[in-house]
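Have the sequence and the 3D view open as you read.

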Amino acid sequence: MTLPLHHPEDQLLIGYASGQERAGKSLLVATHLAYCPDCRRRVASFEALCGSWFEELPCNDHDGLDALLDRMDGLLAAGGAPAEAKPSRPLAAGSLGGRPVPEPLRSWLPEAIDTPTDDGSWREISKGVWLSGWERTLSGTTICLLRMASGAPVPAHRHTADELLLVLQGAFSDEYGSYALGDVAQYVADTDHHAQGASEEDCICLFLLDGELIFLDEEGNPA
Ligand SMILES: [Zn+2]
């Protein structure tokens with residue numbers, strides 16, 4: 001498997017390692033870790049740093065220590081899984097074209113997400129670009145799947161807070177780079193970017209949005 005080239009920013013990895021990051025972004029980071037040995041090592045070292053930092057504090061708050069250790073255990077269980085997801089039933093829960101989506105995301109997906117585009121599970125937002133009918137909200141972050149056919153451009157849009165994408169199948173590109181399996185693309189509020197599918201098969205991404213998604217008309221005004 002090709003290793004990811006685009007990684008979450010350190011700030012996000014540190015937030016994840018310390019248990020301070022919001023649940024939606026933690027789900028994306030934990031899923032990226034299944035693809036990325038480099039980030040697994042970085043998170044492990046951040047976790048070790050958090051641990052030694054804590055040991056230097058006066059040890060009179062045992063409740064706090066227990067809570068921190070519980071959280072570390074939870075993080076390791078969620079994010080420490082090896083990349084080698086075992087081959088699974090084709091089109092089982094949370095699979096893409098028979099290729100399993102890694103945990104922890106896999107447990108979240110209710111059914112095969114590689115379903116035909118005309119069965120109502122995908123909502124076409126422009127020609128060759130779909131959002132999944134499957135959608136969740138975690139601590140204020142909206143989570144769904146974005147699907148782009150080869151060469152299909154995502155319509156111009158603006159967002160009022162962070163947008164994060166994790167590639168689960170195929171590849172896409174925009175003015176900032178090319179993104180393939182396991183890669184993370186992060187855009188801060190008000191970033192203009194023009195993504196389009198860049199693989200023969202449809203590109204499918206985990207799509208996280210903290211604020212509003214506003215589609216724009218040709219003049220760049222809210223449509
Ligand atoms: Zn990485």
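Let's begin with one tyrosine: Tyr-176 counts as partly exposed because its relative accessibility is 49% (buried means under 20% relative accessible area, exposed over 50%, partly exposed in between, with a 1.4 Å probe and protein chains only). This is a predicted model, in which local features need pLDDT of at least 70 and side-chain atom pairs count only at pLDDT 80 or more, while totals for chains, interfaces and linings use all residues. Residues are numbered from 1 along each chain as its sequence is written, and side-chain values use heavy atoms, with hydrogens and water left out.

**Aromatic pairs**

- The structure holds 2 aromatic pairs (rings of Phe, Tyr and Trp, the last by its six-membered ring, pair if their centres lie within 6.5 Å; planes under 30 degrees apart count as stacked, over 60 as edge-to-face and the rest as tilted).
- Phe-172 and Tyr-179 form a stacked pair, because their ring centres are 4.8 Å apart and their planes meet at 15 degrees; both residues are buried.
- Tyr-176 and Tyr-187 make a tilted pair, because their centres lie 6.2 Å apart with planes at 55 degrees.
- Tyr-176 is in the loop between β8 (172-174) and β9 (177-179) and Tyr-187 is in strand β10 (residues 184-187), so this pair ties together parts that are 11 residues apart in sequence (helices, H or I of at least four residues, and strands, E of at least two, are DSSP runs numbered from the N terminus).
- Tyr-187 counts as buried, at 3% relative accessibility.

**An arginine over two rings**

- The charged end of Arg-147 sits over the ring of Trp-122, 5.0 Å from its centre (this requires NZ of Lys or CZ of Arg within 6 Å of the ring centre and within 35 degrees of the ring normal).
- Arg-147 also lies over the face of Trp-130, at 6.0 Å from the ring centre.

**Zinc site**

- The zinc ion has His-7 (ND1), His-32 (NE2), Cys-36 (SG) and Cys-39 (SG) as its protein donors, 2.0 to 2.3 Å away (donors are N, O and S atoms within 2.8 Å of the metal, or 3.2 Å for Na, K and Ca).
- The 4 donor atoms subtend angles of 98 to 118 degrees, so the arrangement is tetrahedral (for four donors, all angles lie between 85 and 135 degrees).
- Along the chain, the donors follow the spacing H-x24-H-x3-C-x2-C.
- His-7 is partly exposed at 32% relative accessibility, whereas Cys-39 is buried at 2%.

How values were computed
Tetrahedral: all angles 85-135°; square planar, octahedral: opposite > 155°, others 65-115°.
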